[in-house]
Amino acid sequence: MGLYQRFVSNTRKPKGLSGRLMVAGMNSGHAALANWGCRFLIVNESIGTDKTAVKYAKIINGMNLYTPERLKELLSAAGFAGIETFQAEHKPWLAVLARKAR
């Protein structure tokens with residue numbers, strides 16, 4: 001496995017020094033979301049079917065791709081409601097916003 005593949009694989013199952021760096025970066029980047037309380041936000045540069053995502057899914061063992069529809073199903077099954085999806089007009093970018101049902 002090449003250096004690049006090892007690095008991007010750490011997004012799935014962090015290991016070693018590069019894994020610790022990956023987790024630290026993700027924790028730092030997502031810390032503000034924890035203050036939102038009962039809201040959940042997913043922001044992704046893929047809608048699960050675009051060419052680039054499919055390419056990386058072949059490189060990263062265990063990487064899963066999800067369409068907006070599948071994310072809505074999964075969030076609903078996990079007890080979220082008010083699920084909204086937003087897609088960029090000319091890019092395969094996706095945002096999903098949901099709130100925890102009370």
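1. In this predicted model, the charged end of lysine 100 sits over the ring of phenylalanine 80, at 4.7 Å from the ring centre. Phenylalanine 80 itself is buried, its relative accessible area being 17%, which falls under the 20% limit for that class.

2. Lysine 100 belongs to β3 and stands opposite phenylalanine 80. Strand β3 covers residues 94-100 and pairs with β2 in the antiparallel sense, over six bridges. The two strands make a hairpin, with six residues between them.

3. Phenylalanine 80 also takes part in an aromatic pair. One such pair is found in a search of the whole structure. Its partner is phenylalanine 40: the ring centres are 5.4 Å apart and the planes stand at 40 degrees, so the pair is classed as tilted. Phenylalanine 40 is in strand β1 (residues 39-44) and phenylalanine 80 in strand β2 (residues 80-87), so the contact ties together parts 40 residues apart in sequence. Phenylalanine 40 has a relative accessibility of 35% and therefore counts as partly exposed.

4. Which side chains meet in a salt bridge? The structure holds one salt bridge, and arginine 70 and glutamate 73 form it, with an N to O distance of 3.0 Å. Both residues lie in helix α4 (residues 68-77); they are three residues apart, and so about one helical turn separates them.

5. On accessibility, arginine 70 is partly exposed at 39% relative accessible area. Glutamate 73 is likewise partly exposed, with a value of 47%.

Note on methods
Residues numbered from 1 in each chain as written. Predicted model: local features only at pLDDT ≥ 70, side-chain atom pairs only at ≥ 80, totals over all residues. Heavy atoms only, no water. Phe/Tyr/Trp six-rings, centres within 6.5 Å; stacked < 30°, edge-to-face > 60°. Helix = DSSP H or I, 4+ residues; strand = E, 2+ residues; numbered from the N terminus. Buried < 20%, exposed > 50% of the residue type's maximum accessible area, 1.4 Å probe, protein only. Lys NZ or Arg CZ within 6 Å of the ring centre and 35° of its normal. Pairing = 2+ DSSP bridges. Salt bridge = Lys/Arg side-chain N within 4 Å of Asp/Glu carboxyl O.
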